[in-house]
Amino acid sequence: MAERVEQRLEDRIPELEQLERVGLFTRKEIRAVLRKASALEYKIQRRALRKEDFINYIQYEVNLLELIKKRRARIGYSFKKDEIEHSILHRVHSLFNRATGKWKDDVQLWLSHVAFCKQWNAKHQLSKVFSTMLAIHSNKPALWIMAAKWEMETRLSSESARHLFLRALRFHPECPKLYQEYFRMELMHAEKQRKEKKEFEQAKMDLGEFNYSEEILNGEMARIVYRDASQKIKGVEFQLAVLSIAKLFDFTQDLQKEILESLQARYADDPLTWDYMARRELELGSLPPTEQTTKQKKVSEMAQREERCCAVFDEAVRAVPTENMWKCYITFCLERYNRKTNSAELKQKRLERTLSVFSKAHESNLLSEALYKQWLQLLLDSSLSEKAVEVAEAATRHFIQSVEIWQTRLRVLIQLKREDVTQCFEEAIKHVKSKGTLPLWTLWVEWSEGTNSKEDTEALYQRSLHATTPAESVTMKEMYLDWTYRNCGYKKVKRLFTSLCENRPFSLDFFRKMIQIEKEQESCKILHLREYYERALREFGSTNTDLWLDYIKEELSHPQGKPENCGSIHWRAMKMLQGDLVEDFVSKYTLLQTGHL
């Protein structure tokens, strides 16, 4: 091993001598580089190789390259690159090759090599990296796409990119993303050829020696890719993705027409097809803006286009009366309503249209839970409170067991300060199953705190403890403790704490809250604190190191505390804590003893 390390260090000597000779590094820096390189070399020559050692070595070499680059720029010296940088680059590639050969499954390692090659413009090496990587990771379409894009955009080789896509499709014959990118590549190739031909024609050059096929120039290759893909890949999402790519190119009108016809013929009952056809009306028939176009005319034109969209959507919900179709319609209306406009008339028209569509969907019983919430929010924002109450009531009839819908209805009533809030809460608790009612109880007690008497609120808290599941009652106990302290004082909260401790389960915050309350008293007693800590440790002593440490700190810092108790607390913690928590506790306790915690 030592001989190999010495040999590799000797191989560095020519480049290091050049660095010193041209004034980029000093003799002292050269020695430091050698020492560091020697240490790194020994690590990667061991029998038990570690990936981190290779990564650290590569990172060191990359940092060295960056430093050389900066120093060259500073002194204005640009010679001897073959003797210096080329040697380091060759070494980094060698390190990457060894690392990826050892840890073939680590995609991130391969991608780091790819990024390094791109950064230092090592095209020949990158081609080899892609070839090896794809042979091993042929099951990852994203890597095929990356390689093909590089061939197309950097090496300007459409043929190589096409070859890669065809190979990838043999492994992934039903991958939508591969087909989309292949389709895009063929259109980019056609666009590039069209530009070349136009430039040659403008320069009045003879095109005889160049073979520009009219079919390729018109995107025929992309059409073939699309037809092949549409036979294998079902679903309107793919058709729309391909159509959006085709729209980026100005010579694909016939291709777009074919895709659109296929979309309408094969997916006429899909809401996304109708959604696309409706939104398309926004783009069709719009005149190019001119200086003479008045604001009023623009508003009028926009209103007309939106009306055409809504006409298509109206036809859609008649043809495909489903929840998803209404969702598409409502989403469109909300998007238009939320768009900024200076025209109050257009804003009002959009609001009326949106509310009308919500009502129609509701009448058809095809409005989802999430859309009811959006409808209610829109009504409240528009100050239509009576309508909001009516809609909230209808929503709870449709989704009678939905906690979120009941919450929304109750918030509407609370916001409007209605008298029937309590009645509505009772109705909600009656219809919703006991499991999951916690949000309703928290909302109820929060409302009661600001509205009802202390006696009523306390009775409500007591009721909630019995009505919720044991796991949910934990939160109610914390809230009850906090409310009692704020409204009834220390003595009452202490009695409540003792009472609540009779019924499990508890949360750690429940005990911490009581400890904090005790600390806030003028005559804070250590006996009470010990009682609370002991109760907490019985529940959480085996899983929480911080609780033990806080107990020890309390004995050390409290005026009535006994530091001699710390030893026994430490011993108990070591016995009670589980697994790795013991080591964690020892580390923190050591820091506490040395004053660093």
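This is a predicted model: local features need pLDDT of at least 70, side-chain atom pairs count only at pLDDT 80 or more; totals for chains, interfaces and linings use all residues.
Q: Which domains is the protein chain divided into?
A: There are domain 1 (1-103) and domain 2 (520-596).

Q: And how far apart are the C-alpha centres of those two?
A: The centres of domain 1 and domain 2 lie 52 Å apart.

Q: Where is Arg 12 found?
A: Arg 12 sits in helix 1 (residues 2-21).

Q: Is Arg 12 buried or exposed?
A: Arg 12 counts as buried because its relative accessibility is 1%, and the cut-off for buried is under 20%.

Q: What is Arg 12 in contact with, leaving aside neighbours within four places in sequence?
A: Val 33, Ala 37, Tyr 57, Glu 61 and Arg 91.

Q: Switching to helix 28. What should its 13 residues span?
A: At 1.5 Å a residue, helix 28 (residues 545-557) should span 18 Å, and its end C-alpha atoms are 19 Å apart, which agrees.

Q: Which residue caps the N-terminal end of helix 28?
A: Asn 544 does, with a side-chain oxygen 3.1 Å from the backbone nitrogen of Asp 546.

Q: Which residues of helix 28 are buried?
A: Among them are Trp 548, Tyr 551, Glu 554 and Glu 555.

Q: What do the buried residues of helix 28 pack against?
A: They pack against helix 26 (508-519), helix 27 (526-540), helix 29 (566-576) and helix 30 (581-593).

Q: Now helix 16. How many residues does it have?
A: Helix 16 (residues 323-338) has 16, and it reaches 22 Å from its first C-alpha to its last.

Q: Which helices do its buried residues pack against?
A: For helix 16, they are helix 14 (271-283), helix 15 (295-319), helix 17 (344-363) and helix 18 (369-381). The buried residues include Trp 326, Cys 328, Cys 333 and Arg 336.

Terms used. Residues are numbered from 1 along each chain as its sequence is written. Side-chain values use heavy atoms; hydrogens and water are left out. Helices (H or I, at least four residues) and strands (E, at least two) are DSSP runs, numbered from the N terminus. The expected span of a helix is 1.5 Å times one less than its number of residues. Buried means under 20% relative accessible area, exposed over 50%, partly exposed in between (1.4 Å probe, protein chains only). Contact means heavy atoms within 4.5 Å. Domain bounds come from an automatic or database domain assignment. A polar contact is a pair of N or O atoms within 3.5 Å; within protein, one must be able to donate a hydrogen and the other to accept it, and residues adjacent in sequence count only if both atoms are side-chain atoms.
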